[in-house]
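This report describes selected features of one protein chain. Please examine the sequence and the structure below before reading on.

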Amino acid sequence: MAAPMYQQIADDLRRQIDSGELAPGQQLPTELELKDKYEASRNTVRDAIRRLAASGLVESRPGAGTFVTRKIDPFVTTLSQDPQTGYGGGEGATYLSEVSAVHRDPTYGPIRVELQPATPVIALRLRIPSGDQVVLRHQERFIDRNPYSLMTSYFPFEFATKAPRLIKAEDVPEGFVRYLEEVMGIKQTSYRDWITARAADDNEQRFFGIPHDSTVFEVFRSTFDQNGNAMRVTVTVFPADRNQFIYNVGDPPGPQYDGG
């Protein structure tokens, strides 16, 4: 028994994608062109495209058309504490070493600094009154020149009086954990990751180049000093199509990738 027409169309388009005839990022023919080519109804063509989209092979961009999905190798971020540095995984020098260790190229965009009143969500995690001023440090992160995450760190404004580099739009090579310990005597001894999933907003869709209905992970990392006081909240947004996570408990052997 022959497969339904929409499946035959989807299978033929899949073959073209797999063979490279339709390259990553290339626009598919219009619905009208596909309708004429396959001598099928418009609804049948739409069903075929929906089947490909469900498999992650194509993506529809409102007002632009349907495009072959760009294949981006996922990166696995270890969120648990690095046993060698004692710092939280997925940020700073730990993140750079993780990416470099698998022979990929980590880079950052320019740092942006601003002052804002704390939203209720951030105030709750920093344990300060809602509306108090906080220092925000924004940074875009790339792997192999592709955008992989957006990171914003929030610090109580009072920290800036003793740690003035917080409000400078420049990198702190030693990392803020070590810097705050040196200038303020506060030592990060613990952190909590709160991970949520949601739909990407307009800015994230543009930056990551993802469809409007894409999912992103949002990781809220709250860090605490030796006295149990909140030091910092870092919010990192990861698109689900190119990010995976590991969280170690104890000291397990290192992960194996691709059977290696």
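In helix 7, which spans residues 176-184, the residues F176, V177, Y179 and L180 are buried. Buried denotes under 20% relative accessible area, exposed over 50%, and partly exposed in between, with a 1.4 Å probe and protein chains only. These four residues lie on the same side of helix 7 because they cover an arc of only 165° around the axis, the arc being that of the directions from the helix axis to the C-beta atoms. An α-helix has 3.6 residues a turn, so residues three or four places apart point the same way.

Helices (H or I, at least four residues) and strands (E, at least two) are DSSP runs, numbered from the N terminus.

| Element | Residues |
|---|---|
| strand 6 | 133-143 |
| strand 7 | 146-156 |
| helix 6 | 159-162 |
| strand 8 | 188-199 |
| strand 10 | 230-239 |

After helix 7 comes G185, with a positive phi near 75°.

The model is predicted: local features need pLDDT of at least 70, side-chain atom pairs count only at pLDDT 80 or more, and totals for chains, interfaces and linings use all residues. Residues are numbered from 1 along each chain as its sequence is written, and side-chain values use heavy atoms, without hydrogens and water.

Helix 5 (residues 120-126) contains R125. R125 counts as buried because its relative accessibility is 16%. Leaving aside neighbours within four places in sequence, R125 is in contact (heavy atoms within 4.5 Å) with W194, F220, S222, A230 and V233. The C-alpha atoms of R125 and M231 are 9.6 Å apart, although 106 residues separate the two in sequence.
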